[in-house]
Structures are given as structure tokens and as C-alpha cells.
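Okay, thanks for coming, everyone. I've got one structure to walk you through today, so let me put it up on the screen.

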Amino acid sequence: MRLSARVHQRPAYDLQQASGDAKSAKIPNVKQIAILGSTGSIGTSTLDICRLYPERYRPVALAAGRNLDLALQQCTEWRPTAISMADEQLAGELARRLREAGVTGINVLHGTAGTVQVATLREVNFVVSAIVGVAGLQATYAAVCAGKTIGLANKEAMVAAGELITAAAREHNVALLPIDSEHNAIHQCMRGGTPAEVRQIWLTASGGPFRNTPLADFERITPAEALKHPTWVMGQRITIDSATMLNKGLEIIEACRLFDLPPDKVRVTVHPQSTIHSLVEYVDGSILAQLSVTDMRLPILYALSYPERVPSELTFDLAALSHLEFQQPDLERFPCLRLAYEAARAGGAHCIALNAADEVAVDAFLRGTLSFTGIARTIERVLESTPAVTPGDIGEVLTIDANCRETALGVLAGVAVSR
Ligand SMILES: NC(=O)c1ccc[n+]([C@@H]2O[C@H](COP(=O)([O-])OP(=O)(O)OC[C@H]3O[C@@H](n4cnc5c(N)ncnc54)[C@H](OP(=O)(O)O)[C@@H]3O)[C@@H](O)[C@H]2O)c1
């Protein structure tokens with residue numbers, strides 16, 4: 001284990017801008033894309049973009065988890081070189097269904113090794129990293145080490161191993177292009193000045209469905225209520241994380257790593273309209289904001305086309321904009337945000353613990369064995385028992401992650417409540 005050190009070099013988020021001309025000159029007209037998490041919310045939106053711009057983006061490799069029906073449909077439509085499923089049984093079943101459907105020439109892989117293979121195929125030059133959770137970490141890291149440009153949605157990989165990923169990105173001259181709408185907005189606003197000219201950045205948060213719910217009612221919040229996000233349609237984990245505001249906490253850590261900023265320069269403001277996706281405040285007092293429709297296809301298109309901008313029909317009606325609100329986040333209602341700042345300051349294993357404990361706790365909440373407020377309590381208990389170490393490689397990250405999950409399950413055995 002080594003101590004963490006912030007590296008003061010050109011940040012990984014604008015490496016492509018630094019080497020952009022030479023690099024983009026080598027990219028063929030059609031970008032050959034691997035989509036990790038092709039059956040998820042981000043994955044299917046990425047495929048929508050591929051459908052809209054067939055002359056620019058072609059999905060040549062896919063990785064999915066357990067959704068066989070959609071994986072089959074995607075193979076039939078896109079005829080990728082390879083697809084990976086979460087495990088061997090699912091891969092076998094998909095291969096059988098493909099044979100039955102007369103679809104040939106697709107290499108059906110499985111597990112982490114399969115996802116890594118998909119992410120590092122020679123013909124792939126852009127990887128959309130959109131598997132949910134730490135399950136996406138190894139393939140994302142392998143893609144960076146293989147020199148692929150990354151469109152990064154899988155924030156958990158950055159939270160668990162951001163320092164290792166950004167170091168590898170610098171070493172291999174790979175751009176990490178954020179797809180998360182807030183980081184994508186920051187990336188866009190960062191083009192207005194140099195990294196040294198940034199005073200601080202502001203991540204906007206919708207505040208989720210319980211922004212105005214009395215604190216006394218939080219204990220009784222059900223999964224069905226928490227899954228109703230006011231402004232975005234997303235996967236289950238990120239939707240629950242938005243309701244607890246742990247998602248914003250993960251985004252704070254993701255932003256620190258992506259933009260090479262300390263936690264006290266990454267601020268959060270609650271902005272219920274979700275119109276401004278984030279802001280960068282410069283040393284002269286100017287604040288640049290990015291506004292657009294709440295449609296993830298826009299940040300995906302931006303990442304895929306960077307450093308160019310590609311015309312789209314995603315317009316934003318300024319005339320319909322009546323007011324913009326900004327509020328301080330309420331740390332009493334949303335203790336996950338406080339815990340995330342603590343983890344961001346501690347770094348290393350504490351960031352891994354924050355995410356691992358949350359993955360276990362959200363799963364228990366969705367299964368009805370943990371209360372809504374139990375999510376933060378579980379994370380806090382796991383953080384308290386996490387030693388202050390920093391992993392030196394991905395293997396150590398995964399070991400710490402596994403230990404934290406075990407601790408979280410132990411905590412749950414004590415704090416679980418029957419619903
Ligand atoms: N959705 C958004 O608007 C949004 C915005 C910003 C950032 N993000 C981030 O993007 C990532 C994906 O979010 P999402 O909302 O798209 O999630 P989602 O809809 O739940 O999709 C998750 C994807 O990961 C796949 N997957 C899960 N476990 C896997 C495994 N072990 N091996 C291979 N694939 C696996 C799923 O496959 P199956 O469905 O086939 O099981 C699915 O394709 C998350 O990190 C999230 O925080 C999402």
C-alpha cells in the first residue's frame with residue numbers, strides 16, 4: 001500500500017485536448033465503440049446515439065449483465081464482434097439463442113475476463129464505461145491501459161480506484177471523458193479557463209424526491225417512493241443513491257479525481273429544476289454554467305464527439321425557463337453527503353468503503369430488509385471500521401472492496417429492520 005499523493009500534472013480530463021489534433025487525425029471516420037453495460041439506461045441511450053449517427057459511431061462490442069432478451073435483441077440489431085454476459089450460464093444461453101436465431105460470427109464471452117476482453121478489443125477505439133458498481137472497474141482500468149478513449153459513466157470505478165485510473169490515463173495518454181451529466185457540464189465549463197484559474201466547482205443536485213419530506217418520515221420511505229426520481233430516469237441503484245444524496249457524494253469524489261481538485265473545492269448546491277448541470281467558478285469571480293435538457297443522450301454525444309461538437313435536435317427552450325433556485329444541501333436530512341465528504345478527505349480505503357457499503361445497503365433496501373435511513377447508518381458503521389490505507393493496485397482495491405462488503409453484511413445483520 002502506498003500513501004496517496006495528488007499529482008500536479010496536466011489532468012486526465014483534457015489529455016485529448018492536449019494531444020487532440022494528432023490523435024483525432026488517426027481516428028477513423030466511424031468510431032468503433034465498446035459499450036460496457038449495453039443493456040442499462042446509459043448503454044441503451046448510447047445505442048440511441050449510434051442509431052442517430054450511424055456514419056459516426058458503431059457499436060462493435062457489448063457487455064451486459066443478466067438481461068438475456070435485450071442482449072439477444074442488441075446482437076441481432078448490431079451484430080457486434082463480441083458480447084460478454086455476467087456469467088458462463090448466461091453466455092451459454094445467449095449463444096444457444098443466437099444459433100437458433102441464425103445469428104453467427106459473434107464471440108460470446110462471460111464474467112470479468114469477458115468484459116475486459118470486450119473493452120480491449122483491437123478494433124475498439126472508444127469505450128463507454130456504463131456498468132453499474134465496482135463490477136465495471138477492471139474492464140475500465142484495462143481499457144485505459146490498452147489506450148482506449150473512455151466515456152466514463154461508471155462513477156463507482158472512479159470512487160474506488162480513481163487515483164490509479166487517472167495515473168494510468170496519464171501514462172497511456174488516454175482521455176477520460178465524463179458522461180455523468182454534472183462532470184460533463186464541468187468538463188464543458190473547464191474549456192473556459194486553465195485548471196490553475198479554477199477557484200472551485202459547483203455540482204448541482206436535484207435534491208431527489210425527499211427534498212421537502214419531514215425528517216421524521218424518512219424512516220418509513222419505501223423503495224417504490226425512493227425509485228421515483230423527480231427529473232431523471234435512471235437505473236435502480238443510482239436512483240436510490242439520488243434519493244439519499246449518496247450519488248452526489250460519489251460525484252464529489254469522482255470530480256476530485258477527474259479534475260484533480262481537493263474536496264473543499266468541490267461544492268454542492270441543490271437546484272431542483274436540474275436545468276444547470278453544474279458550474280465552474282474562476283479566480284476572477286466569473287462563473288460558467290452549462291444548461292441543457294435533462295437527457296443523458298446529450299452528455300453521451302458530447303463525450304463521443306469530443307473535441308468536436310456535433311449538431312443534434314436536443315434543444316433547450318430558454319423561453320420556458322422561469323426561475324432557477326439554488327439551496328444549501330441539508331446534511332441532517334442527507335447524512336450520506338456528509339459521509340462522502342469525510343471519505344473524500346480521508347481518501348484511499350474510505351472511498352472504497354463508502355461505495356461498497358452503499359452497494360450492499362441499497363441492495364438490502366430494495367429487497368425490503370433495510371430501512372431508508374439504515375442506508376446511511378450502515379455506511380457510517382463501515383467507514384468507522386475501515387483502516388486508513390491506500391491501495392497500490394487494482395487487486396488491492398478489490399480486496400478492500402470485498403472486506404468492506406463483508407463488514408457491511410455484518411452490520412446489516414445487526415441493524416436490519418423488518419418492513
Ligand atoms: N442512468 C443515468 O442517467 C446515469 C447518469 C450518470 C451516471 N450514471 C452511472 O452509469 C452507470 C450505469 O448506470 P445506469 O443507470 O445505466 O444503470 P443500469 O440501468 O442499472 O444499467 C447497469 C448496466 O450494468 C450491467 N451490469 C450489471 N452488473 C454487471 C456485471 N456484473 N457484468 C456486466 N454487466 C453488468 C447491467 O446489465 P443487465 O441489465 O443486463 O443485468 C446494465 O447493462 C452507473 O455507474 C451510474 O452511476 C448513470
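Quick bit of bookkeeping on names: helices (H or I, at least four residues) and strands (E, at least two) are DSSP runs, numbered from the N terminus. Residues are numbered from 1 along each chain as its sequence is written. And keep in mind this is a predicted model: local features need pLDDT of at least 70, side-chain atom pairs count only at pLDDT 80 or more, while totals for chains, interfaces and linings use all residues.

Let's start with the ligand. Which helices supply at least two residues each to the shell around the ligand? That would be α2 (41-52), α7 (155-171) and α10 (236-244). Of these, α2 gives the most, with three residues. There are 29 residues around the ligand, and G40, G65, N67, M234 and G235 come nearest. A residue is near a molecule or strand here if its C-beta atom, placed from the backbone, lies within 6 Å of it.

By class, the shell around the ligand splits into 13 nonpolar, twelve polar and four charged residues. For the classes, Ala, Val, Leu, Ile, Met, Phe, Trp, Tyr, Cys and Pro count as nonpolar, Asp, Glu, Lys and Arg as charged, and the others, Gly among them, as polar.

Now the domains. The bounds come from an automatic or database domain assignment, and that assignment gives domain 1 (12-178), domain 2 (181-293 + 312-335) and domain 3 (348-419). So where does the ligand shell lie? Domain 1 and domain 2 both give residues to it, so it lies between them.

What about domain 2 and domain 3? Their C-alpha centres lie 24 Å apart. The contact takes 15 residues from domain 2 and 13 residues from domain 3, where contact means C-beta atoms, placed from the backbone, within 7 Å. On the domain 2 side, α9 (223-226), α10 and α11 (246-259) each supply at least two residues, and α10 gives the most, with five. That side has nine nonpolar, three polar and three charged residues.

On to helix packing. Helix α13 (residues 335-346) and helix α15 (residues 372-384) pack at an angle of about 20 degrees, with their axes 9 Å apart. The axes are lines fitted to C-alpha atoms, for helices over the stretch in contact, and angles run from 0 to 180 degrees between N-to-C directions. α13 and α15 are therefore roughly parallel to each other; the cut-offs are under 35 degrees for roughly parallel, over 145 for roughly antiparallel, 65 to 115 for roughly perpendicular, and oblique for the rest. Residues P335, C336, L339, E342 and A343 of α13 meet A376, I379, E380 and L383 of α15. That contact has seven nonpolar, no polar and two charged residues.

Back to α2: this helix packs against helix α12 (residues 297-305) at about 65 degrees, again with axes 9 Å apart. Here S45, T46, D48 and I49 of α2 touch R297, I300, L301 and L304 of α12. Count the classes and you get four nonpolar, two polar and two charged residues.

Most residues other than glycine have a negative phi, and most peptide bonds are trans. A cis peptide bond joins Y306 and P307, with omega about 5 degrees, and P307 is in the loop between α12 and α13. N173, in the loop between α7 and β7 (176-178), has a positive phi, near 55 degrees. Okay, over to you.

Conventions: Contact = placed C-beta atoms within 7 Å.
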